[in-house]
Amino acid sequence: MPRRAPKPVVTPPPIEVAPPDDGRALLVLLEHGRGPRIAIDWPGGAADRRLAGMLARCHGMQVAVLDREGRLWRESDPAGRHWRVNRDRYSGFLRVGAGDLAETARIRRRHRVTGEPARLFPRAVDAGLLAALGRLVGPRYAEAKDIRLRYQMRNGAVVLDGVRVDGAVFAGRIALPRDGRCHA
């Protein structure tokens, strides 16, 4: 009996990030403690440095240290003065404990503070990401308690894949669009 050829594995194309307006309501819910807990894993190793550089240059990521009082400290701020975040510009979807970069160590030394690494993005970036995530997950997004994704670098672009909603795997990936001024 002849063997059947295995079915080819088809990788779905990435979901492009939606216009930010589509995700602004999801972002506001998240900022007010409602909606799912969202964690985004990093690839690990040397890829972390490349990813961090790309996210800063092309997606507006700011790296800070979050102290016990909830204050944020950046390397670019005057020594001893914490960052007063413009919430009209930056999202409240704070990624805490997402790795420890050399920049985080410099921030701790500069300001003589302790705390966890934190990353913030412009509101438009996070609103677009949440809109795309909502489209990928569909109706399950509204009831989800825990969503996990993973950052990857693919062909010089940042892609989020490995989507799990309350443990269930969702096929697909989200491609973050680059800022028009970005040079990878």
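1. Salt bridges are a friendly place to begin: this predicted model holds ten of them, counting a side-chain nitrogen of Lys or Arg within 4 Å of a carboxyl oxygen of Asp or Glu. As background, side chains of opposite charge can pair when their charged atoms come close. Three of these pairs are described below.

2. Have a look at Asp67 and Arg71. Their closest N and O atoms are 2.9 Å apart, and the two form a salt bridge. Is Asp67 buried or exposed? Asp67 has 8% relative accessibility, so it counts as buried. Arg71, with a relative accessible area of 32%, is partly exposed.

3. Next come Glu75 and Arg106, a salt bridge whose closest N and O atoms are 2.9 Å apart. Which parts does this pair tie together? Glu75 sits in the loop between β4 (72-73) and β5 (95-96), while Arg106 belongs to helix α3 (residues 102-111), so the bridge joins parts that are 31 residues apart in sequence. Glu75 is partly exposed at a relative accessible area of 27%, and Arg106 is partly exposed at 34%.

4. Asp126 and Arg95 also make a salt bridge, with 2.8 Å between the closest N and O atoms. This pair links distant parts of the chain, since Asp126 is in helix α4 (residues 123-137) and Arg95 is in strand β5, 31 residues apart. Where Asp126 and Arg95 are concerned, both residues are buried.

5. Through salt bridges that share partners, Asp67, Glu69 and Arg71 are joined into one network.

Definitions and conventions. Residues numbered from 1 in each chain as written. Predicted model: local features only at pLDDT ≥ 70, side-chain atom pairs only at ≥ 80, totals over all residues. Heavy atoms only, no water. Buried < 20%, exposed > 50% of the residue type's maximum accessible area, 1.4 Å probe, protein only. Helix = DSSP H or I, 4+ residues; strand = E, 2+ residues; numbered from the N terminus.
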